[in-house]
Amino acid sequence: TKVLQAEEIESAAEAIERTRLESMESEFNEKINESATLSPYKDQIKVDITSEGLRIQIVDKTNRPMFDPGSSRLKYYAEDILYEMAPILAAVPNRISISGHTDSSGTSTAWDAGNWELSANRANSARRALGDAGLDEVKIAQVVGMGDKAHFNIDDPTSPINRRIAIVVLNKRMDKAIASRAGGYTEEGDTGPSDEERAT
């Protein structure tokens, strides 16, 4: 019998993980369609799979924003959406990343702090809401403020849809990349702490 090479083993593991994420994507979409809380907002909840994992984006609409202008306080229905999502996120072993995004309408200068602070504060508001809904803090890998640097609609930087929260259920590759930031300086060739070392 053929001995599998490390690359083949990793590739097979990634294929299995992608299948699991695709199953979770289906579960999310079913939940959105069936839930009395989520279904009214289904056109504001975008679910897809990226190179980082399963991404759930909750986007603004002109008449139904997640936050008031300039505020990081979640609207009641935005909290409801996150409360409904928390049990699904809690049911998988993967950690998550939460990022906040703004549009470009409020930026006055290239170094204006407003969008950076606002997007980071909004991502933190989403984190707190998920925590209030029972998600364990150890599930959070990172909380990021992206400002207006990664638009949903790249053709219209001021579109409301660019104002959003993105939650990514991280695949192992991305989770490991985030975890590898720990430990500071490493010698060349050192891959950083092992999974076992990080767990202790």
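Biologist: Is Arg163 buried, partly exposed or exposed, and what is its relative accessibility?

Modeller: Arg163 counts as partly exposed, because its relative accessibility is 21%; buried means under 20% relative accessible area, exposed over 50%, and partly exposed in between (1.4 Å probe, protein chains only). This is a predicted model, in which local features need pLDDT of at least 70, side-chain atom pairs count only at pLDDT 80 or more, and totals for chains, interfaces and linings use all residues. Residues are numbered from 1 along each chain as its sequence is written, and side-chain values use heavy atoms, with hydrogens and water left out.

Biologist: Which side chain meets that of Arg163 in a salt bridge?

Modeller: Side chains of opposite charge can pair when their charged atoms come close. A salt bridge is a side-chain nitrogen of Lys or Arg within 4 Å of a carboxyl oxygen of Asp or Glu. Here Arg163 meets Asp103 at 2.6 Å, N to O. Arg163 lies in the loop between strand E4 (140-145) and strand E5 (164-170), and Asp103 in the loop between strand E3 (96-101) and H3, so the pair ties together parts 60 residues apart in sequence. Helices (H or I, at least four residues) and strands (E, at least two) are DSSP runs, numbered from the N terminus.

Biologist: Is Asp103 buried or exposed?

Modeller: Asp103 counts as buried, at 4% relative accessibility.

Biologist: How many salt bridges are there by this rule?

Modeller: The count comes to 10. One of them joins Glu84 and Lys31 (3.7 Å, N to O). Glu84 is in helix H2 (residues 76-90) and Lys31 in helix H1 (residues 6-34), 53 residues apart.
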